[in-house]
Every structure is written in structure tokens, then in C-alpha cells.
Amino acid sequence: MSKALRLSEKWFRFGLWIVAFVFASFLIGLGGTIVENLPKVEHRVTLDDFIDQQAAAPLRAELKAMQEKRQAAQDAHDQAQLKLNGARANSAAARDTFNNWLATRHATKRPEQDAELIERTQALDELKILERKALADVERQQQSLLDARQAEERAQRDLRELERTASTKLFTEQRRQELRVFGYRLALTLPLLAVAGWLFAKKRQSTWWPFVWGFIYFALFAFFVELVPYLPSYGGYVRYAVGIIITVLVGRYAIVALNRYLEKQKQAEAMPDVERRKELSYDTALARLAKKVCPGCERPVDLTNTAIDYCPHCGICLFDHCGRCQERKSAFARFCHACGAGGQGSAG
């Protein structure tokens with residue numbers, strides 16, 4: 001139809017479409033802000049909302065104490081292990097020195113060195129005693145560390161059991177919240193779709209059509225972008241149900257519209273030629289002719305064939321002759337293109 005419009009009218013329509021899209025963008029922005037804040041109407045639940053606080057608090061306190069005790073035991077064990085390593089190194093060094101000296105003693109067999117032999121042996125025994133004490137200290141710290149670890153594991157095990165029970169309740173409540181928030185979205189979106197459907201059926205060609213189409217685009221965006229991605233995922237029941245309902249509604253509208261159109265076409269084709277052309281608007285007739293279809297029945301017609309003056313499908317007059325100059329012209333033209341005389345068979 002755009003080929004039949006005046007140049008200024010084309011620009012006006014283009015501007016009105018821009019108005020429609022701008023109007024839709026502002027509606028989408030407002031709707032997106034509302035939908036984004038919908039989850040805030042629900043309290044955000046956490047694990048602590050469902051855990052048994054009377055049982056969990058002592059366990060957490062015990063766990064914290066055991067962690068501190070384990071860390072202290074670990075530090076003490078590390079210090080004891082370091083002392084043990086030093087004692088073992090001192091004992092090993094002294095043993096090597098004593099063995100070397102003893103080998104020299106056997107070689108020289110000097111009796112005056114017997115007192116030194118006893119002294120060195122006593123020193124070596126003292127180092128072994130220190131090494132055994134350091135080992136005993138390490139073993140004691142290992143036992144303390146083991147006790148602290150086992151107590152910490154028991155507290156963690158008991159706390160995990162409480163958290164496991166609370167997690168089940170948390171998951172259930174989160175699912176309920178998800179459904180409630182989805183219900184809020186659905187309560188906002190479905191009325192928009194209903195209004196958009198009514199506007200499309202009744203008002204899409206009215207004077208205020210830019211705002212009508214802007215609202216329709218907004219409603220479609222709200223459904224497919226703001227609602228569909230948040231549909232609950234339990235089996236897709238809601239997704240498919242909504243899809244079936246929309247398909248049935250759109251399909252029913254299309255079928256009814258098609259039958260109404262076909263009935264209207266049958267009635268129009270049964271009318272006299274002059275009345276049929278009067279029923280067609282000037283712009284509609286020119287738009288259909290530009291598409292090389294009959295303005296009456298919209299079936300393809302070879303308009304370049306000068307031998308065709310009537311539609312071979314419905315019989316409506318397509319070309320006639322000017323009453324002044326007898327030039328062949330479109331039967332829907334208001335003026336003759338050859339002499340400018342007013343067309344006798346022009347459409348209303």
C-alpha cells in the first residue's frame with residue numbers, strides 16, 4: 001500500500017511508526033523496572049532461616065573452639081617437631097664425633113684417656129635423653145592435635161546434618177518463592193496480552209494506531225522477554241500450556257478472519273461491477289494494482305497484457321477508456337493520464 005501513498009503521507013506514516021516504537025520503548029523500560037523489582041517483594045531466605053538455631057549455635061561455638069584448639073595444637077606440634085629434629089641432629093653429630101674419637105682411642109691405646117672416654121659417653125647419653133624427651137613431646141602434641149581434629153570433625157558432622165535438613169526446607173521455600181514471583185509476573189503480563197489482543201483486533205487501524213502498535217510491541221516483549229525466561233522448569237508444563245493457549249487463540253482468530261474475508265469476497269464478487277469498484281478505496285485499489293493483483297479478488301492478473309480489460313477471475317473492470325480522448329486507462333484512476341479528464345469509472 002505504501003506505493004500508492006503520497007510522498008508526504010509516507011513520511012508522516014514513517015514518523016508515526018517511530019512514535020510507536022518510541023512509545024513501546026518507554027513502556028518496555030517502565031515494565032522492565034517493575035519486573036526487576038518484583039523479587040524484592042519477597043524476603044530473601046537463607047539457610048539460617050531454617051536451621052535449628054538452638055542446636056546449631058552450640059555446635060558452631062564448639063566448632064570454632066575446636067578449630068582454635070587444633071591450630072594451637074598444630075603450632076605446638078610444629079615447634080616440638082623442630083626441637084626433635086634439632087635434638088636428633090645434635091645426637092647424631094655427637095655420635096659421629098664419639099665414634100671417631102673412639103677409633104683413635106683404640107689405635108693409640110693410651111690409658112690416660114679413660115677418664116675422657118667416660119666423660120664423652122656420659123655426654124652422648126645426655127643427648128640421647130634430650131632426644132627421647134623431644135620425641136615424647138612430639139608424640140604428646142600429636143595426640144593433642146589428633147584429639148582436636150576428631151572433636152572438630154564431630155562438630156562439623158553434626159552441623160552438616162543440621163544444615164542438610166535445613167537445605168531441604170530452604171530449597172522448598174525457594175521454589176515456592178520462585179512460583180510466587182512468577183505468579184506476579186504472570187499477573188502483570190497476561191492482562192497486557194489480553195489488552196494487546198483486543199487492541200489488535202479492534203483498534204489497529206484507528207486514528208491512534210501508533211500508540212496501539214506501541215502497546216502491542218510492549219505486551220509481546222513483556223511476555224517473550226520478561227516472562228518466558230522465568231517460566232518454572234518443572235517439566236515445561238507452564239511453558240507448553242501457555243504456548244498452546246496462545247496458539248489456539250491466534251489460530252482461532254486467523255481462521256475466523258479468513259472465513260470472514262472469504263465470505264466478504266464472495267459477497268463482493270456477486271455485486272455489480274460499478275458497486276464493487278465503489279466499495280474499494282482509491283489507495284487500496286492502487287496498492288493492489290501495484291502488486292499486479294486484481295483489486296477485487298486479489299488474484300494475480302497480467303496487467304501488462306493490453307487485451308485484458310476485465311479480471312478473468314471475478315470479472316471486475318480493470319481498464320476502460322476515457323470519455324473525452326478514448327485513451328485506455330485504469331478503471332480505478334480518478335483522472336485520465338492522457339488528457340486529464342475526470343475518470344468516469346473511478347473508485348470511491
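Author: The model under discussion is predicted.

Reader: At what relative accessibility does tyrosine 217 count as partly exposed?

Author: The partly exposed class lies between the buried limit of 20% and the exposed limit of 50%. Tyrosine 217 falls into that class, with a relative accessibility of 27%.

Reader: Is tryptophan 213 buried or exposed?

Author: The relative accessible area of tryptophan 213 is 18%. Buried means under 20%, so tryptophan 213 is buried.

Reader: How are the rings of phenylalanine 21 and tyrosine 217 arranged, and how many residues apart in sequence are the parts that the pair ties together?

Author: The ring centres lie 5.3 Å apart and the planes are at 5 degrees, so phenylalanine 21 and tyrosine 217 are stacked. Phenylalanine 21 belongs to helix 1 (residues 7–36) and tyrosine 217 to helix 4 (residues 209–227). The pair therefore ties together parts separated in sequence by 196 residues.

Reader: Which residues do the ring pairs link into a cluster?

Author: The cluster linked by ring pairs consists of Phe21, Trp213 and Tyr217.

Reader: Which charged end sits over the ring of phenylalanine 319, and at what distance from its centre?

Author: The charged end belongs to arginine 328. The cut-off for this arrangement is 6 Å from the ring centre, and for arginine 328 over phenylalanine 319 the distance is 3.9 Å.

Reader: Which element gives the largest share of the lining of the largest pocket?

Author: The largest pocket has a volume of about 650 Å³, and 20 residues line it. Elements that give two or more residues to this lining are helix 3 (114–202), helix 4 and helix 5 (237–269). The largest share, nine residues, comes from helix 3.

Reader: How do the residues of that lining divide into nonpolar, polar and charged?

Author: Leu193, Gly197, Ile246, Leu249 and Val250 are the lining residues nearest the centre of the largest pocket. Over the lining of the largest pocket, the division is 19 nonpolar, one polar and no charged.

Reader: Is glutamate 152 buried or exposed, and which residues does it touch?

Author: Glutamate 152 lies in helix 3 and has a relative accessibility of 8%, so it counts as buried. Its C-alpha atom is separated by 7.9 Å from that of glutamate 62, 90 residues apart along the chain. Leaving aside residues up to four places away in sequence, glutamate 152 touches Leu63, Met66, Gln67 and Arg70.

Reader: Against which strand do the buried residues of helix 7 pack?

Author: Ala285, Ala287, Arg288 and Leu289 are buried in helix 7 (residues 282–290). The buried residues of this helix pack against strand 2 (328–330).

Reader: What is the phi of glutamine 326, and is the residue buried or exposed?

Author: Glutamine 326 lies in the loop between strand 1 and strand 2. Its phi is positive, about 60 degrees, although the residue is not a glycine. With a relative accessibility of 51%, glutamine 326 counts as exposed.

Methods:
Residues numbered from 1 in each chain as written. Predicted model: local features only at pLDDT ≥ 70, side-chain atom pairs only at ≥ 80, totals over all residues. Heavy atoms only, no water. Phe/Tyr/Trp six-rings, centres within 6.5 Å; stacked < 30°, edge-to-face > 60°. Helix = DSSP H or I, 4+ residues; strand = E, 2+ residues; numbered from the N terminus. Buried < 20%, exposed > 50% of the residue type's maximum accessible area, 1.4 Å probe, protein only. Lys NZ or Arg CZ within 6 Å of the ring centre and 35° of its normal. 1 Å grid on protein atoms, 1.4 Å probe; cavity = no way out; pocket = protein on both sides within 12 Å on 5 of 7 lines; lining within 4 Å. Points joined across faces, edges and corners; volume = space filled by probe spheres on them. Nonpolar A, V, L, I, M, F, W, Y, C, P; charged D, E, K, R; others polar. Contact = heavy atoms within 4.5 Å.
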